[in-house]
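Hello,

Here is the structure I promised to pass on. Please open it and follow along with the notes below.

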Amino acid sequence: MKFATDNVKRGVLTYISEKTKTPIQVPLNAMAKQILIQYKKLPNKKLLPQISNQKYNKYLRELGEDAKLKRIVEYRNKKGNIDKKEIWELMSTHMARRIFIGNSINVFDIRTEVIQSITGHTKNSKAFARYYDIDIQTKKKALNSMK
């Protein structure tokens, strides 16, 4: 939400991570560039429209419900007990971040160091390690490649 047009130069989003205070550079793909063109005329040089995190999460859940994402998943409720809900009911920006990291590793075979440099995680980050599990398909693929 804090990004301004000054954060993008020559197709690269650049900013300082609030948590680690390290500079982050993320090359923008064609889809990201198209989205930025769509919002080019926002006031105060803002890069994207601003909404609260609560509204953002609400819209994500509505999108998930409309997309009929009905798979039942287990999660820990506020009391620490295992509970079950349809996945759309749990959608959030944090889930999107986890999915981005997991898919980058398991589906697109992007090295963890590259993903960490995009997400602002430091090397050997325990927080980063919690974001993903190596799925069974990735394990099979790795073992089958050893001939």
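Predicted model: local features only at pLDDT ≥ 70, side-chain atom pairs only at ≥ 80, totals over all residues.

Start with strand 3, residues 23-27. Its side chains alternate. Ile24 and Val26 point to one face and are buried.

Now look at the partner. Strand 2 (residues 12-16) pairs with strand 3 in the antiparallel sense, over 5 bridges. Leu13 stands opposite Val26 in strand 3. Strand 2 and strand 3 form a hairpin, with 6 residues between them. In the turn, Lys21 has a positive phi of about 60°.

**Salt bridges**

The structure holds 6 salt bridges. Here are some of them.

- Lys45 and Asp6 meet at 3.1 Å, N to O. This pair links distant parts of the chain, 39 residues apart. Lys45 sits in the loop between helix 1 and helix 2, and Asp6 in the segment before strand 1.
- Glu62 and Lys58 meet at 2.9 Å, N to O. Both lie in helix 2, 4 residues apart, about one turn of the helix.
- Lys70 and Glu86 meet at 3.9 Å, N to O. Lys70 lies in the loop between helix 2 and strand 4, and Glu86 in strand 5, so the pair ties together parts 16 residues apart in sequence.

**Surface charge**

Lys19, Arg97, Lys126 and Arg130 gather in a patch of positive charge on the surface. Lys126 lies in helix 5, residues 126-130. Is Lys126 buried or exposed? Lys126 counts as exposed, because its relative accessibility is 69% and the cut-off is over 50%.

Best wishes

Notes:
Residues numbered from 1 in each chain as written. Heavy atoms only, no water. Patch = residues over 30% accessible without salt bridge, like charges linked within 9 Å, V, L, I, M, F, W, Y side chains within 5 Å. Areas by Shrake-Rupley, 256 points an atom, 1.4 Å probe, with all protein chains shown as cover. Salt bridge = Lys/Arg side-chain N within 4 Å of Asp/Glu carboxyl O. Lys, Arg positive; Asp, Glu negative; His and termini not counted. Charge placed at Lys NZ, Arg CZ, Asp CG, Glu CD. Helix = DSSP H or I, 4+ residues; strand = E, 2+ residues; numbered from the N terminus. Buried < 20%, exposed > 50% of the residue type's maximum accessible area, 1.4 Å probe, protein only. Pairing = 2+ DSSP bridges.
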